[in-house]
Amino acid sequence: MTLEKRRLFLFPILAAIVIAARLCHSGVLWADDNLPLAAAMEVFRGKTLYKDVWFDKPPLVAWTYLLWAAKDGIALRLAGAAYVLAVCVAAYQLAKLKWSEKEAGYAALFAGFFLTFGWPSAVIPLASDMLLILPHLAAIYFAWRGKPFWSGAAAGMGLLCSSKAIFVLAACAIWQWRSLPLLLAGFAAPNAIALGWMWAHGSLAAFYQQTWQWGSIYAKNTFVENPLQEGIKRTAGWMWFQSILVVGAVLAIRVERGWKLFLWVAISFTGVVLGLRFFPRYYFLLLPPMITIAARGWAEVKPNRLQWAAILLMVVPAQRFA
């Protein structure tokens, strides 16, 4: 079977699994569903975010829910499935831009798989860390295309989802440091529009207090008694369930001698450990570089026992979280 035929055969199956897995949660609201959904419902009724509705996340976390009229149930889960499939497309385009369709297929597969077979409280809700994944991939895509303004704009959209977009911007600067002014201008543009909208509606001061001032107080204090021990344990657990990505990254070292891809991983991991809490959803910041680099590694593997090993490595999280 040719690569094109395999891709046409596997992608509908991946889409069906993503959709079916989320529909299994159509009667459940996870903790990170509740606040964005409740805030969006009030905004949909005509109230102003931050001014009339308390919300401690950036605005796109709530505004995104307005795309399906802030409905829960099947509508919410189909929206989540659509988002994950959009991430798969973005991962595909990113890997294809740098390498070939073979790496692109692996990247899309890894994205859909690990945003389905993971802790349900993390992978199911469209929460802040989840919503940053798509802008993260888009920002790196434009950085690789040599479009610093649009790379910064994508990272800036990410900041309207999560403060960790600062690390995405830093990763983009790895490739676009010569065009840093344009990168920063792009980063500022969507935020200037959002801030202007909030200023016009009288919610700017409340936005700063609820999202940044109170958020910084939360970030400064961890409730974890032994952060180093907890971080090692949680990271080891993440590496175990994502072992196919870790192995793929190791395989990629033979091919990709450059330091930029691995600096991308290091910057992303810094964002994971910042705050010393290590929730499963925090590791979403690490997912874009890992699926991209692992795709390169596995694309170089010739048909042999290693491919069967790859399948076995994916059985572990599938069996645990199916």
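In this predicted model, K164 sits over the face of Y282, 3.4 Å from the ring centre. Aromatic pairs come to 16 by the distance rule.

**Tilted pair: Y50 and F55**
- The ring centres of Y50 and F55 are 6.4 Å apart, and the planes meet at 50°.
- An angle over 60 degrees would count as edge-to-face and one under 30 degrees as stacked, so the Y50–F55 pair is tilted.
- Y50 has a relative accessibility of 3% and therefore counts as buried, the limit for buried being under 20%.
- F55 is also buried, with a relative accessibility of 0%.

**Edge-to-face pair: W63 and W197**
- W63 and W197 have ring centres 5.3 Å apart; because their planes stand at 75°, the pair is edge-to-face.
- This pair links distant parts of the chain, since W63 belongs to helix α3 (residues 59–63) and W197 to helix α11 (residues 180–200).
- The two tryptophans are 134 residues apart.
- W197 has a relative accessible area of 36%, so W197 is partly exposed.

- W99, W144, W175 and W264 make up one aromatic cluster.

Notes: Residues are numbered from 1 along each chain as its sequence is written. This is a predicted model: local features need pLDDT of at least 70, side-chain atom pairs count only at pLDDT 80 or more; totals for chains, interfaces and linings use all residues. Side-chain values use heavy atoms; hydrogens and water are left out. Rings of Phe, Tyr and Trp (its six-membered ring) pair if their centres lie within 6.5 Å; planes under 30 degrees apart count as stacked, over 60 as edge-to-face and the rest as tilted. Buried means under 20% relative accessible area, exposed over 50%, partly exposed in between (1.4 Å probe, protein chains only). Helices (H or I, at least four residues) and strands (E, at least two) are DSSP runs, numbered from the N terminus. A charge sits over a ring if NZ of Lys or CZ of Arg is within 6 Å of the ring centre and within 35 degrees of the ring normal.
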